[in-house]
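Subject: Structure for you to look at

Hello,

Here is the structure I promised to pass on. Please open it alongside this note. My findings follow below.

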Amino acid sequence: MRTQRQVVDYSLQKRATLRALFSGRIGTYEACDASPYLLNAARFHGERTEAQCPVCRREPLWHVHYIYGDELKQSAGQARRKAELTTLAQTYREFNVYVVEVCRGCGWNHLAEQFLLGRGVGDPGTRHEAAE
């Protein structure tokens, strides 16, 4: 199995958003607008991090991993635990993972990272390739 590839880190965008928030160019309602679905995903599928929320500074941040890809069919768009990604990476050729950080207290949320997982093109097939 190949590891993460084509990693995109959104930390510069996060810093710009926080700078705009703390300077008053955007309001708290614009930065802390997590949907009820995202908050539930953080509650049931999220991974607690050691980092504190940069806005409220009271709650820990949670990472939610969303998966997308043509091979995933009905599973595309679902939140998954990080431990499940290894099994999925061994099963499918390629899929995108989007990591969203969210504060369950104040609703801060931001896309933290994006990367590709999977066996990659040219790796030995599995049951999914045989069905094609």
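In what order do the elements of the protein chain run from the N terminus on? The order is β-α-α-α-β-β-β-α-β-β-α. One caution before the rest: this is a predicted model.

**The whole chain**

The protein chain has 5 helices and 6 strands. It holds 132 residues, and 41% of them are buried. Take the contacts between residues at least 6 apart in sequence: 60% of these join residues at least 24 apart. The accessible surface is about 8,100 Å². Carbon and sulfur atoms account for 49% of that surface.

**The core**

The largest nonpolar core has 11 residues. Its members are Ile 67, Leu 72, Leu 85, Leu 88, Ala 89, Tyr 92, Phe 95, Val 97, Val 99, Phe 115 and Leu 117.

**Helix 4**

Which residues of helix 4 are buried? They are Leu 85, Leu 88, Ala 89 and Thr 91. These four lie on the same side of helix 4, because they cover an arc of only 155° around the axis.

**Arg 119**

Look next at the loop between strand 6 (109-117) and helix 5 (127-130). Arg 119 sits in that loop. Is Arg 119 buried or exposed? Its relative accessible area is 7%, and buried means under 20%, so Arg 119 counts as buried. A polar atom of its side chain lies 2.8 Å from the backbone oxygen of Thr 91. Thr 91 is itself one of the buried residues of helix 4.

**Ile 26**

Ile 26 also lies in a loop, between helix 1 (11-23) and helix 2 (28-31). Its relative accessible area is 22%. What does Ile 26 touch, leaving aside its neighbours within four places in sequence? Its contacts are Thr 17, Ala 20, Leu 21 and Ala 31.

Best wishes

How values were computed:
Residues are numbered from 1 along each chain as its sequence is written. This is a predicted model: local features need pLDDT of at least 70, side-chain atom pairs count only at pLDDT 80 or more; totals for chains, interfaces and linings use all residues. Side-chain values use heavy atoms; hydrogens and water are left out. Helices (H or I, at least four residues) and strands (E, at least two) are DSSP runs, numbered from the N terminus. Buried means under 20% relative accessible area, exposed over 50%, partly exposed in between (1.4 Å probe, protein chains only). A polar contact is a pair of N or O atoms within 3.5 Å; within protein, one must be able to donate a hydrogen and the other to accept it, and residues adjacent in sequence count only if both atoms are side-chain atoms. A nonpolar core is a set of buried Ala, Val, Leu, Ile, Met, Phe, Trp, Tyr and Cys residues joined through side-chain atoms within 4.5 Å. The arc is that of the directions from the helix axis to the C-beta atoms. Contact means heavy atoms within 4.5 Å. Accessible areas come from the Shrake-Rupley method with a 1.4 Å probe; for residues, only the protein chains shown count as cover.
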